[in-house]
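Dear colleague,

Please find the structure below, with its sequence.

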Amino acid sequence: MRALITDGEEVRLERTWPDPDPQPGEAVIAPRRIAISGLDRAAAGGLFDFRGVLGHAFVGTVESIEPAAARSGQVGGATLPELPGRVVGSICTACGSCDLCQKGLRAHCRYQTILGLLDRDGCAADRFALPAANLVPVPDGVEDERAIFAHDVAAAIQTARQITVEGKPYITVLGDGPLGLIMVQVMVRLNAAVRLIGRSARRLGICEKWGIKHRHADEIGRRADQDVVIDCTSAADGLELAMQLVRPRGTIIRKCVLSPSDRRAIDLSPITRREITLTGSFDGPVAEAVRMIEREEIDVVSLIGRRMKLDDGEML
């Protein structure tokens with residue numbers, strides 16, 4: 001089968017990549033759409049020392065489920081009489097039996113794999129495997145091009161859950177990529193004063209269309225007056241800017257992992273000196289994200305940059 005793979009240095013399209021070998025409880029999925037983001041490009045460049053098939057965001061059709069899951073009929077927490085149609089899913093797997101899983105921390109399983117990012121081949125192929133328990137059915141009224149953003153919407157919902165809203169806090173979202181633009185839409189639903197900081201005139205123009213406050217990164221003051229700064233960039237200077245913007249005893253939430261090409265020493269002394277809380281945030285509730293997309297509470301179609309075929313993947 002075809003698969004877009006990385007060896008940690010270059011990306012190439014393989015046409016004779018082996019078919020997935022699903023383990024008990026895993027589904028074999030044929031992608032209908034995949035989305036490539038900065039996170040995939042970082043994986044292609046050696047993030048997590050990843051080697052294998054790229055891709056983590058997908059809408060697909062389940063072709064088969066290994067017996068352990070087929071007998072239970074459980075997909076995404078719902079009992080299904082037959083194979084589901086279109087699905088999206090959580091990209092993080094869990095063993096269910098390690099000490100962290102037993103403590104309710106399945107998202108941080110000691111033996112975790114992450115689709116297309118850590119120890120598991122991704123979705124940029126003709127077929128891939130993922131535990132059936134990770135899958136969430138896509139409602140008939142949600143088009144593939146909207147459903148493909150379920151993972152990023154879920155990640156933004158997770159961040160909203162990590163924020164304690166008291167009064168009307170000032171929240172700044174850094175980064176005008178798809179995740180940042182989704183994040184700011186979720187944040188404005190809170191009782192908060194929200195703005196997005198970016199560098200692309202086109203993407204900042206999308207915020208203009210939505211009526212969301214936005215500024216170019218070169219035009220903002222660095223007055224250390226923001227209650228929460230959410231860093232959706234993948235660069236070291238994103239964290240440095242966040243430390244300049246957040247108030248003493250404020251909170252910085254990191255939604256990104258530094259790409260290997262941008263890893264360098266960062267002065268973290270402001271974290272200690274100004275008693276700033278630095279928090280990480282990654283995956284999120286995919287089923288809830290699908291419901292938000294279905295209710296058209298969030299615009300994701302405006303975020304599509306270009307459409308390509310898998311055969312053109314080496315151009316990424």
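I begin with one side chain: the backbone oxygen of Ser 90 lies 2.9 Å from a polar atom of the side chain of Asn 134. The backbone oxygen of Cys 92 also lies 2.9 Å from a polar atom of that Asn 134 side chain. Please bear in mind throughout that this is a predicted model.

Asn 134 itself is found in the loop between β9 (128–131) and β10 (135–137). Is Asn 134 buried or exposed? Its relative accessible area is 11%, so Asn 134 is buried, the cut-off for that class being under 20%. Leaving out residues up to four places away in sequence, Asn 134 touches Val 88, Gly 89, Ser 90, Ile 91, Cys 92 and Thr 93.

Overall picture

The protein contains 10 helices and 16 strands. Its radius of gyration is 20 Å, which agrees with the value near 20 Å that a compact globule of 316 residues would have. Taken along the principal axes, the C-alpha atoms fill a box of roughly 55 × 45 × 40 Å. Of the 316 residues, 50% are buried. Among contacts with a separation of 6 or more, 70% are made by residues 24 or more positions apart.

As for the surface, the accessible area comes to about 15,100 Å², and carbon and sulfur atoms account for 47% of it.

Two buried arginines

Arg 254 lies in strand β15, which covers residues 246–254. With a relative accessible area of 12%, Arg 254 is buried. Which side chain does the side chain of Arg 254 join in a polar contact? The partner is Asp 231, at 2.3 Å. Not counting residues up to four places away in sequence, Arg 254 touches Asp 231, Ala 235, Leu 239, Leu 278, Thr 279, Gly 280 and Ser 281.

Arg 146 is placed in helix α4 (residues 144–147). This residue counts as buried because its relative accessibility is 10%, and the class takes in values under 20%. The backbone oxygen of Gly 141 lies 3.1 Å from a polar atom of the Arg 146 side chain. Apart from its neighbours within four places in sequence, Arg 146 is in contact with Gly 141, Ile 293, Glu 296, Val 300 and Val 301.

Most residues other than glycine have a negative phi. Glu 296, one of the contacts of Arg 146, has a positive phi of about 55° although it is not a glycine. Glu 296 is in the segment after α10 (286–294). Its relative accessibility is 61%, so Glu 296 counts as exposed.

Glu 275 is likewise not a glycine and has a positive phi of about 55°. Where is Glu 275 found? Glu 275 lies in the loop between α9 (269–273) and β16 (277–280). Glu 275 is partly exposed, with a relative accessible area of 43%.

With kind regards

Key: Residues numbered from 1 in each chain as written. Predicted model: local features only at pLDDT ≥ 70, side-chain atom pairs only at ≥ 80, totals over all residues. Heavy atoms only, no water. Helix = DSSP H or I, 4+ residues; strand = E, 2+ residues; numbered from the N terminus. Rg over C-alpha atoms; globule rule 2.2 N^0.38 Å. Buried < 20%, exposed > 50% of the residue type's maximum accessible area, 1.4 Å probe, protein only. Contact = heavy atoms within 4.5 Å. Areas by Shrake-Rupley, 256 points an atom, 1.4 Å probe, with all protein chains shown as cover. Polar contact = N/O pair within 3.5 Å; in protein donor to acceptor, adjacent residues only side chain to side chain.
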